[in-house]
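Welcome! Open the model in your viewer, keep the selection tool at hand, and follow along stop by stop.

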Amino acid sequence: MSIPQAITGAPARSGEPRPDGPVAVPPADLRVVDPATDPAAAHRAAVRLIASGVAVLTLTVGGEMHGVTVSSLTAVSRDPLLVGICLNHRSAFLGLVKSRRLFAVSVLDATQADAARWFADPRRPRGRAQFDQIDWEGDRTSGAPLIGGAMAWMSCRLVTGVDAGDHELLLAEVLQGSAREGRPLLSFQGGLHRVLTTSPTPRGPAPAGRSAPPD
Ligand SMILES: Cc1cc2nc3c(=O)[nH]c(=O)nc-3n(C[C@H](O)[C@H](O)[C@H](O)COP(=O)(O)O)c2cc1C
């Protein structure tokens, strides 16, 4: 098998529909990294092509609230219902969640790029002031703020953490979850994007007689 060179961007074709609204789409950028000349850069370029959703993790501890933007949230297990999240060892949220253990996840909608940037900004105020400009309501299960307008919300309990290089991989049980229809905010190649679907979003249950799609 021949290993292709890593492509670090994709060219935009003229006439292609562009996302509108507040989500910044980085300009087209096609750079090819030759693994033979710079293997490390080629490896990083390959990893950067993994697209993911964006969520804000929140918690309340000692009467103070805190939130952080993540794109490393992923579904891990269906039974029990577990999600995984990777947090940098330097993350303030990481220290707080290890003591509080209960937290909430708000999966951001495509219109919430500003919230994603806010909860990633190291200059944001600490405590309740962090939520002054944010529409939120308290989660009964975790006590954490849930971000208004999100696509999905989960109340979670930290199960365990595993050291993973410069990050820690957290496993958390989903205690409660709710969702609404919407389109997700996506993180891809260091930018925030909204998804463009090529077919209508399916609504409601599948017609009788059709089995559920495989995992
Ligand atoms: C779209 C996006 C996704 C991010 N995903 C993660 C992530 O998965 N893990 C992480 O540790 N930091 C991630 N960050 C960076 C943190 O949000 C940022 O460093 C934040 O200031 C950390 O806050 P804290 O120190 O209060 O926990 C992400 C930032 C952005 C903009």
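## First stop: the nonpolar core

Begin by selecting A55, L57, V105 and L108: of the 37 residues in the largest nonpolar core, these touch the most other members. A nonpolar core here is a set of buried Ala, Val, Leu, Ile, Met, Phe, Trp, Tyr and Cys residues joined through C-beta atoms within 7 Å. Buried means that 20 or more other C-beta atoms lie within 10 Å of a residue's own, exposed means 12 or fewer, and partly exposed is in between, with C-beta atoms placed from the backbone.

Before you go on, note that this is a predicted model, in which local features need pLDDT of at least 70 and side-chain atom pairs count only at pLDDT 80 or more, while totals for chains, interfaces and linings use all residues. Residue numbers start from 1 along each chain as its sequence is written.

Now keep V105 selected. Leaving aside neighbours within four places in sequence, V105 is in contact with A55, L57, L73, W153, M154 and C156; contact means C-beta atoms, placed from the backbone, within 7 Å.

## Zoom out

Colour by secondary structure and you will find three helices and 14 strands. These are DSSP runs numbered from the N terminus, helices being H or I of at least four residues and strands E of at least two. Buried residues make up 27% of the chain's 215 residues.

## The seven-stranded sheet

Next, select the open sheet with the order β5-β4-β8-β11-β12-β7-β6, whose pairing is antiparallel. Strands pair if DSSP finds at least two bridges between them. From one strand to the next, the twist averages 35°.

Axes are lines fitted to C-alpha atoms, for helices over the stretch in contact, and angles run from 0 to 180 degrees between N-to-C directions.

Stay with β12 (residues 167–179), which pairs with β7 in the antiparallel sense over seven bridges. Here L87 stands opposite E168, and V83 stands opposite A172. β12 also pairs with β11, over 12 bridges, and the bridge partner of S155 is Q176. In the hairpin of β11 and β12, select G165, which takes a positive phi near 65°.

Which strands come next? Pick out the open, antiparallel sheet of three strands, ordered β3-β13-β14. Its edge strands are β3 (52–53) and β14 (191–194). Two bridges join β3 to β13 (residues 185–188), and S52 has S187 as its bridge partner.

## Last stop: D109

Finally, select D109, in the loop between β8 and α3 (113–118). Is D109 buried or exposed? D109 counts as buried because it has 21 C-beta neighbours inside 10 Å. Not counting residues up to four places away in sequence, D109 touches G149, A150, M151, G182, R183 and L185.

Conventions: Contact = placed C-beta atoms within 7 Å.
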